[in-house]
Amino acid sequence: MKLIEDKIREVGRVLPGDILKVDAFLNHQVDANLMSEIGKEFARLFKDEGITRIVTVESSGIAPAVMAGLYMNVPVVFARKHKSLTLTDNVYTSDVYSYTKQTSNKISIDKRFIKPNDKLLVIDDFLANGQAVQGLMNIAEQANVEIKGVGIVIEKSYQKGHDMIKKSGIHLESLARIASLSDGKVSFVEE
Ligand code: 5GP
């Protein structure tokens, strides 16, 4: 999506550890107009999947997920992160290793917010090694519902997540695809 690539070229910063910092429009300050265009694009790309609910992980997935929910007219649920969790019977839970923070978190979703026969769309801000998506796949499995799509705002295509999701056969759409962050320079995948 050209709008996102242009925005990354304009304000994205490459940090050590293979991190693209996009706190000027996605991870801290949020560009609401751009989020709206992102939501519209996800709605277009997944219109044939019969999506009944969007799931994401707090906090950076929430802005694009809510916009997609608006244009798809479905509820949006964000998994909550906990350092440790007092387990109850009322939540689905999974472990997620955080790429940027290099710590493990538990994520959980209240059982009331996933229904039998739901067809889920997973939305996230970034796809790196796929741990966050895998955590949500794990929760979907516990809830016995299907994930029909994964929508990512920025994918680092050279890391493991892309292949992992493709191999699982799930419909993956990444709006900006990064081929490399070498030498502090952002290169996009040529489509
Ligand atoms: P994964 O679980 O796919 O390894 O990593 C995805 C999560 O890590 C995203 O939700 C995002 O919060 C964070 N992340 C991974 N790589 C980057 C990056 O290069 N920049 C930023 N800002 N976040 C990242």
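I took a polar contact to be a pair of N or O atoms within 3.5 Å. The model is predicted, so I noted that local features need pLDDT of at least 70 and side-chain atom pairs pLDDT 80 or more, while totals for chains, interfaces and linings use all residues. Residues are numbered from 1 along each chain as its sequence is written, and side-chain values use heavy atoms, with hydrogens and water left out.

I looked up the oxygen atoms of the ligand and found one 2.8 Å from a side-chain N or O atom of Lys156. For Asp124, the distance from a ligand oxygen to an N or O atom of the side chain is 3.0 Å, and for Gln131 a polar backbone atom is 3.0 Å from a ligand oxygen. Taken alone the ligand exposes 510 Å², of which the protein buries 88% (Shrake-Rupley areas, 1.4 Å probe).

**Sheet.** I then traced an open sheet of 8 strands with mixed pairing, in the order β5-β6-β4-β3-β7-β8-β9-β10, where strands pair if DSSP finds at least two bridges between them. β5 (91–97) and β10 (187–188) each have a single partner strand, so one side of each is left without a neighbour in the sheet. I found β5 antiparallel to β6 (residues 104–110) over 7 bridges, with Asp95 opposite Lys106 in β6.

How values were computed:
A polar contact is a pair of N or O atoms within 3.5 Å; within protein, one must be able to donate a hydrogen and the other to accept it, and residues adjacent in sequence count only if both atoms are side-chain atoms. Helices (H or I, at least four residues) and strands (E, at least two) are DSSP runs, numbered from the N terminus.
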